[in-house]
Amino acid sequence: MKDLTELCLELDPDSWLRWHEALDEVASIGLLDARETAVMQRAREVVASDIAPRAAAHDRSHTFVHDSYQALVRAGLGALLVDPDLGGTGDTHVAYAAAMEEIAAGCGATSLVYMTQFHAMYPLLISGATELARTYVPQLASGAIYGSLGITEPAAGSDVAGLATRAESDGDGYCLTGSKTFITSGDRADLIIAFATVDRALGRRGITAFAIAGEPSGLSRGNPLEKMGMHGSSTVELFFDRVPVANDHVIGQPGGGWQIVMGSVMRTRIGAAAQGVGLARGAYVRTLFALNSIHGRSLPPEVETGLTQVRGRILQARLLLLATARALDLSDSVRTGEVAIMKQQCTDLGWWATVECMRLLGSVGDLTVLGVERCMRDVLVTRTYDGTNDIQALLTGRDTALQVAQAQGAPS
Ligand SMILES: Cc1cc2nc3c(=O)[nH]c(=O)nc-3n(C[C@H](O)[C@H](O)[C@H](O)COP(=O)(O)OP(=O)(O)OC[C@H]3O[C@@H](n4cnc5c(N)ncnc54)[C@H](O)[C@@H]3O)c2cc1C
């Protein structure tokens with residue numbers, strides 16, 4: 001039996017590639033076309049060389065993953081979902097999901113910053129705000145600026161319709177007053193997509209999306225909050241005290257913000273789901289690598305049984321993720337319930353699989369050098385943001401009721 005300190009529990013870049021390739025499932029990889037496979041491969045390579053090796057240091061030091069994110073941009077992965085006329089590569093949601101999985105497997109925090117860049121782009125891309133999209137999307141996609149999506153408030157998390165940040169019109173534009181909380185990249189964002197209400201009495205119909213650029217008067221940013229996981233990403237509070245926003249920085253129509261949020265989440269939820277699968281896979285590969293270092297090729301039978309369960313459930317979630325992403329690529333009629341099921345199942349799988357890997361490793365799982373405990377800490381929050389998994393269950397329930405009504409012949 002080797003001394004613990006002699007065990008080589010860290011995957012070097014070559015081993016990272018070899019182990020991930022060997023453990024890939026043909027059934028899931030087979031769902032990608034040649035171009036999507038190339039995107040996944042490119043993501044895997046940059047993760048192996050530039051991202052996974054830095055993940056533990058960012059986790060320990062809580063430093064922002066600027067270097068890791070910029071490596072993704074240099075590898076041409078910053079603009080996957082963006083049309084070529086806006087400087088993007090026009091890749092599919094399947095390619096995005098596959099890349100996101102690879103990034104999350106290497107470093108959860110990098111995947112969160114990467115995802116947030118796209119979350120800041122979606123409202124510009126889907127609202128018909130052509131000029132704003134032309135100005136800001138290429139900058140976000142090239143990593144020249146960071147973006148944030150500001151929806152959550154201290155008293156409005158799941159209940160987005162209850163947000164209280166006020167937008168008062170003065171003819172030339174609006175002044176925003178209120179606060180946002182738990183905003184990813186909010187301490188450094190050069191562009192904040194903020195949602196506020198032009199009239200609380202209107203409920204959802206008052207919600208409006210604004211693009212806040214630079215450092216306007218009245219904007220103050222809190223210090224990064226100390227979190228359980230995702231240490232290399234920053235999460236802050238934002239305070240608005242009559243922050244001026246010009247009329248040409250209203251995204252879409254006044255009162256059109258709710259539609260923008262709802263339209264965005266149908267796609268943004270692929271990101272959280274892919275993080276769930278990616279972090280599960282990251283934990284699984286690291287677990288097999290460590291068990292192999294400890295036991296050699298013949299694993300204890302009870303461990304093998306546990307690994308079979310983890311492998312099977314990761315494969316199921318991966319197939320669900322890629323199939324839903326494909327449906328979103330091909331059709332405008334994907335149901336809210338289908339996206340909610342994907343988000344809930346893939347992120348629940350992430351939590352279950354990382355905890356199970358920790359159990360199978362026994363006390364070795366507690367060693368930070370392995371990175372499995374980091375995957376577990378990082379994955380928990382994927383069940384919370386982008387609509388908690390309770391909210392996904394609620395959405396699925398409502399959608400099922402609609403399906404039943406449709407089956408009964410009610411007009412849709
Ligand atoms: C690391 C991190 C990064 C984040 N990044 C961003 C970001 O960039 N931008 C942003 O806008 N927000 C962000 N968020 C906020 C996140 O989206 C919210 O935390 C989330 O929407 C939940 O809101 P809440 O925390 O206020 O919980 P609450 O809504 O207060 O919910 C508390 C609990 O009650 C449950 N619950 C609430 N309502 C219902 C219901 N109707 N039925 C059943 N159960 C219910 C919830 O599921 C949860 O378990 C981030 C959060 C974290 C932790």
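How many cavities of 30 Å³ or more does a search of the whole structure find? I put this to the predicted model, and the search of the whole structure returned three of them.

**Entry 1, the largest cavity**

I looked up the largest cavity and noted that about 100 Å³ of space lies in it. I then listed the residues that line the largest cavity, and found among them His 20, Leu 23, Asp 24 and Glu 25, together with Arg 281, Tyr 284 and Val 285, and Arg 311, Ile 314, Leu 315 and Arg 318. Helix H1 (13–23), H8 and H9 are the elements that give two or more residues to this lining, and H9 has the largest share with four residues. Sorting the lining of the largest cavity by class, I recorded five nonpolar, one polar and five charged residues.

By class, I wrote down 21 nonpolar, 16 polar and eight charged residues for the lining of the largest pocket.

**Entry 3, the ligand**

I asked which space the ligand takes, and found that it is the largest pocket. Around the ligand I noted 16 residues, of which Thr 152, Ser 158, Phe 182, Thr 388 and Asp 390 come nearest. By class, the shell around the ligand has seven nonpolar, six polar and three charged residues. Strand S3 (173–184) and helix H12 (389–407) each supply at least two residues of this shell, and the largest share, three residues, comes from S3.

I then went through individual polar pairs, starting with the backbone of Phe 182, where a polar atom lies 2.9 Å from a nitrogen atom of the ligand. In the side chain of Thr 388, a polar atom is 2.6 Å from an oxygen atom of the ligand, and for Asp 390 I noted an N or O atom of the side chain at 2.6 Å from an oxygen atom of the ligand. Taking the ligand as a whole, I recorded that the protein covers 63% of the 970 Å² of accessible area that the ligand has on its own.

Last, I looked up the second largest pocket, for which I noted a volume of about 460 Å³. It is lined by 21 residues, and the closest to its centre are Leu 81, Asp 83, Leu 86, Leu 125 and Ile 126. Which elements supply at least two residues each to this lining? I found H6, helix H7 (130–141) and helix H9 (301–330), with the largest share, four residues, coming from H6. By class, I recorded nine nonpolar, five polar and seven charged residues for the lining of the second largest pocket.

Note on methods: Residues numbered from 1 in each chain as written. Predicted model: local features only at pLDDT ≥ 70, side-chain atom pairs only at ≥ 80, totals over all residues. Heavy atoms only, no water. Near = heavy atom within 4 Å. Polar contact = N/O pair within 3.5 Å; in protein donor to acceptor, adjacent residues only side chain to side chain. Areas by Shrake-Rupley, 256 points an atom, 1.4 Å probe, with all protein chains shown as cover. 1 Å grid on protein atoms, 1.4 Å probe; cavity = no way out; pocket = protein on both sides within 12 Å on 5 of 7 lines; lining within 4 Å. Sits in = over half its atoms within 2 Å of the grid points. Nonpolar A, V, L, I, M, F, W, Y, C, P; charged D, E, K, R; others polar. Points joined across faces, edges and corners; volume = space filled by probe spheres on them.
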